[in-house]
Amino acid sequence: MSNFWLLLTEFFKTGLFAVGGGLATIPFLREMSAEYGWFTVETLSTMIAVSESTPGPIGVNMATYVGYMTAGPAGGIGATLSLVAPSVIIICIIANYLQKFKEAKAVKMIFAGLKPAVVGFVMAACLDIFISALLYKNSFDRIWQQKDTGVLGYAAESVNWKAILLLAVLFGMQKGIKKLHPIVLILVSAAGGILLGL
Amino acid sequence: MKLLLQLYTAWFKMGLFTFGGGYAMLPMIQREVIEKYGWATEEEIMDYYAIGQCTPGIIAVNTATFVGYYQKGIPGAIAATLGVVSPSVLIITMIAGLITNFSELTLVQHGLNGVKGAVCLLMFNALRSLWKKSIHNIGALCIFGISLGMSVFTDISTAVMVLLAGVLGVVMSKAGGLRYE
């Protein structure tokens, strides 16, 4: 299958299974990066930052970004349309049974299972992002592989102290300033990265 | 035709002027959909949001699809959906092009490495609010732990795990281990 078709099917799958909004697409994106190598965890971080600081729903922004990186402007459009296609079909069907759907016990039970699971999926996907930001060795798996020689020693050596310092400053800013917009945080972090030579 | 165009442009505007999607879009929806066009009442919008959350896909997009469908059937649903995603496609395509072209520069590299720190914090905040909204009892905590463990330590695809979580939700709700109302 060509990259373009693979991109469309992967995003259709994401649109079909990512329940709970934009953040729920992150585990699927991480899976794509691991499986096809279309982009790295670092790029995923950049995508999240750009998606948070530009208009529009985050999930849609990330689909366009991944699509563009993989197959150019046509990829951006294709990935976005594939992402929304399943939900358009599903919503058009549900719209005819709105009341029944709203009160259906089965739906509530399924959702009760999905909600906490999505937190787990997103957290797992974020682990890679946290590790790539704060450690020099960029993947959780690689640290885990060192378990015989001592995970802790290996991890301590690979801590990026400048990144930790920057994170502490950002955290302080967030605590100190009420209703801080993500864009401000992202701009400050970019300036900090340049100043510290991260 | 006029209505389709209106649906497209109104949702284009809402996509263009909100950052972050989801609940961040509510004030814009309030102004455009409820007050300006009268396409839905506030209660209806809350219903669409509630359902958009427990159906697959992006919540803001699902809401657009609902509003469009009730105004003009399937063509309306498509017009509204295309409207809400169009600004993202245009803006992100430009930015992704820029970043790709300049990402070799050392200065840009340092900046992007710094941005990873902000992303950590933003994701941490997002996870915390997801946690507060979703994990209220032991049953939910168990499902969270299982899904986290399986994602980290196995290669099972997220799609399969989503299906398993749905089944687990039904089984545990019936057994009384999960609150679902």
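1. Let's start with B:Ser173, which sits in helix H7 of chain B. Keep in mind as you read that this is a predicted model. B:Ser173 has a relative accessible area of 6%, so it counts as buried. Leaving out residues up to four places away in sequence, it touches A:Met109, A:Ala112, B:Leu178 and B:Tyr180. That list includes residues of chain A as well as chain B. For a sense of scale, B:Ser173 and B:Leu3 are 170 residues apart in sequence, and their C-alpha atoms are 44 Å apart in space.

2. Next, the place where the two chains meet. How many residues does the contact take from chain B and from chain A? Chain B puts in 90 and chain A puts in 96. The area buried between them is about 8000 Å², and carbon and sulfur atoms give 79% of that. If you wonder why an area is quoted here, the size of an interface is often given as the accessible area lost when the parts come together.

3. There are polar links across this interface too. The rule finds 15 residue pairs in polar contact between chain B and chain A, both residues being at pLDDT 80 or more. On the chain B side, the elements that give two or more residues are helix H1 (2-17), strand S1 (19-20), helix H3 (42-54), H4, H5, helix H6 (138-153) and helix H7 (158-175). H4(B) gives the most, with 25 residues.

4. Now the salt bridges. One salt bridge pairs A:Glu42 with B:Lys116, with the closest N and O atoms 3.6 Å apart. A:Glu42 belongs to helix H3 (residues 41-53) of chain A and B:Lys116 to helix H5 of chain B, so this pair joins two chains. Buried or exposed, what is B:Lys116? It is buried, at a relative accessible area of 7%, whereas A:Glu42 is partly exposed at 26%.

5. Another salt bridge brings together the side chains of A:Lys102 and B:Asp47, at 3.2 Å from N to O. This pair also crosses between chains, running from helix H5 (residues 98-103) of chain A to helix H3 of chain B. A:Lys102 is partly exposed, with 32% relative accessibility, and B:Asp47 is buried, with a relative accessible area of 17%.

6. Chain B has a salt bridge of its own between B:Glu32 and B:Lys13, at 3.0 Å from N to O. B:Glu32 lies in helix H2 (residues 26-36) and B:Lys13 in helix H1, so the pair ties together parts that are 19 residues apart in sequence. B:Glu32 is buried at 3% relative accessible area, while B:Lys13 is partly exposed at 31%. Follow the links along and you get a network of salt bridges made of B:Lys13, B:Glu32 and B:Lys36.

7. Over to chain A, which has 10 helices and 1 strand. Along the sequence the pattern reads α-α-α-β-α-α-α-α-α-α-α. Chain A has 198 residues, and 56% of them count as buried. Among its contacts between residues at least 6 apart in sequence, 54% join residues at least 24 apart.

8. With 37 residues, a straight helix would reach 54 Å at 1.5 Å a residue, but the end C-alpha atoms here are only 24 Å apart. Where does H4(A) bend? The bend, of about 150 degrees, is at A:Ala71, and a proline, A:Pro73, follows within four residues. Of the 37 residues of H4(A), 27 are buried, so this helix is largely enclosed by the rest of the structure.

9. A:Lys179 lies between helix H9 (161-176) and helix H10 (182-196) of chain A. It has a positive phi of about 55 degrees although it is not a glycine. Most residues other than glycine have a negative phi. A:Lys179 counts as exposed, at 86% relative accessibility. B:Ser103, in the loop between helix H4 (59-102) and helix H5 (106-134) of chain B, is buried at 18%. A polar atom of the B:Ser103 side chain lies 3.3 Å from the backbone oxygen of B:Thr100. Setting aside neighbours within four places in sequence, B:Ser103 is in contact with B:Val108 and B:Gln109.

Methods:
Residues numbered from 1 in each chain as written. Chains lettered and ligands numbered in written order. Predicted model: local features only at pLDDT ≥ 70, side-chain atom pairs only at ≥ 80, totals over all residues. Heavy atoms only, no water. Expected span 1.5 Å × (residues − 1). Bend = angle between axes of the 7 residues up to and from the residue. Buried < 20%, exposed > 50% of the residue type's maximum accessible area, 1.4 Å probe, protein only. Polar contact = N/O pair within 3.5 Å; in protein donor to acceptor, adjacent residues only side chain to side chain. Contact = heavy atoms within 4.5 Å. Buried area = accessible area lost by both parts, 1.4 Å probe. Salt bridge = Lys/Arg side-chain N within 4 Å of Asp/Glu carboxyl O.
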